[in-house]
Amino acid sequence: MLKNNTNESKRTLSYLFHNDYFNFLSLITVLSGERPIGRLVISKNLISKIASIVSNAGYRAKYVPRSMLSESFLFEGGKNKWKCTKDDIIHLKKNNIYFYISKQNSLIDKLIKYDKVLNIKKIGKMLHYPTCCINKFNKNVEHNCYSEQELLVSAYDYSKNKMQFPFYLNYGTFGKTLILHYPCAYNCKKSIDLAKINLSLVKKVSFEFYKKIISYLKKPVFINENAIVYFKDSGISIGKKYNSKEFIVKGRDYKNIEIFEKGIKADNVFIEGRICYFK
Ligand SMILES: [Zn+2]
């Protein structure tokens, strides 16, 4: 399918790449045959666009409003609540849908069944996530860790060599990533293998996307339980100062940042955390 894109499906893929990257990756991993089923999380107004690309490729689709499934808003509304307010969650429940794609209806029905009860282990297995990462995610959820910050801090702490990580497992600016799950560690081998396959799929869709992804993923990030800072420069160094044009922050609002070994000074306040370098 990825080779025979019509102009319309090319436009949809390009739209998703730039505006809704996670769904872009989720979609191409199914349409290329890399995994038997995928689940996109989209807003209602994207249904017809995605449905047309999916049926043109000979796949079946079904969708379910998120409000019909088990409480799956812990991620957005987790204890940090950095991503959503209460109003956002009410809006999401009304407008967000789970959009399932597979060649087999029976697989779709099975995944909907597991989503209805939030069976993390079965859901993860069906979506082709590595077992080590599913188990780690499950443990994190049991400890009430849902936010991206907490999950990435957990991946960092669980990693062996912390000096430098393979760019394959970075969760970069604007949600750019090569994996669809949170890795158990930044050097999880099974996740790296998946990321390599996914990078080659991105390259098949567009060489320009492929180059963009790599450049996003090679940039360092600062993480702690509350914030993620994405640096625009790939060569940041200790002692250097950055202004707000040189980074993007999620979760907090910083104007100036100075880099230290075990954290950052943000607007003159030292904040402990992890600086992750990706090569
Ligand atoms: Zn893993």
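Over how many bridges do strand 1 and strand 3 pair? The two strands are joined by seven bridges, in the antiparallel sense. The model is a predicted one.

- Three strands form an open sheet in the order 1-3-2, and their pairing is antiparallel.
- Strand 1 (37-43) and strand 2 (60-65) are the edge strands; each has a single partner strand, so one side of each has no neighbour in the sheet.
- On average, neighbouring strands here are turned by 25° against each other, with direction ignored.
- Strand 3 covers residues 96-102, and its residue Phe99 stands opposite Leu40.
- As background, the strands of a sheet pair through backbone hydrogen bonds, and the pairing is either parallel or antiparallel.

- Strand 4 (residues 221-223) and strand 5 (residues 228-231) pair over three bridges in the antiparallel sense.
- Val221 has Tyr230 in strand 5 as its bridge partner.

**The nonpolar core**

- The largest nonpolar core contains 69 residues, and Val221 and Val229 have the most contacts inside it.
- Helix 2 (residues 21-31) gives the largest share of this core, six residues.
- The core lies between domain 1 (1-128) and domain 2 (145-279), because both domains give residues to it.
- Leaving aside neighbours within four places in sequence, Val221 is in contact with Asn170, Ile228, Val229, Tyr230, Phe231 and Cys276.
- In soluble globular proteins, nonpolar side chains tend to be buried together.

**Helix 10 and helix 11**

- Two packed helices are described by the angle between their axes and by the distance between the axes.
- For helix 10 (residues 189-205) and helix 11 (residues 207-217), the axes come within 5 Å and cross at roughly 140°.
- On the helix 10 side, Leu199, Val202, Lys203 and Val205 take part in the meeting of the two helices. The residues they meet in helix 11 are Phe207, Phe209, Tyr210 and Ile213.

How values were computed:
Residues are numbered from 1 along each chain as its sequence is written. This is a predicted model: local features need pLDDT of at least 70, side-chain atom pairs count only at pLDDT 80 or more; totals for chains, interfaces and linings use all residues. Two strands pair if DSSP finds at least two bridges between them. Helices (H or I, at least four residues) and strands (E, at least two) are DSSP runs, numbered from the N terminus. A nonpolar core is a set of buried Ala, Val, Leu, Ile, Met, Phe, Trp, Tyr and Cys residues joined through C-beta atoms within 7 Å. A residue is buried if 20 or more other C-beta atoms lie within 10 Å of its own, exposed if 12 or fewer, and partly exposed in between; C-beta atoms are placed from the backbone. Domain bounds come from an automatic or database domain assignment. Two residues are in contact if their C-beta atoms, placed from the backbone, lie within 7 Å. Axes are lines fitted to C-alpha atoms, for helices over the stretch in contact, and angles run from 0 to 180 degrees between N-to-C directions.
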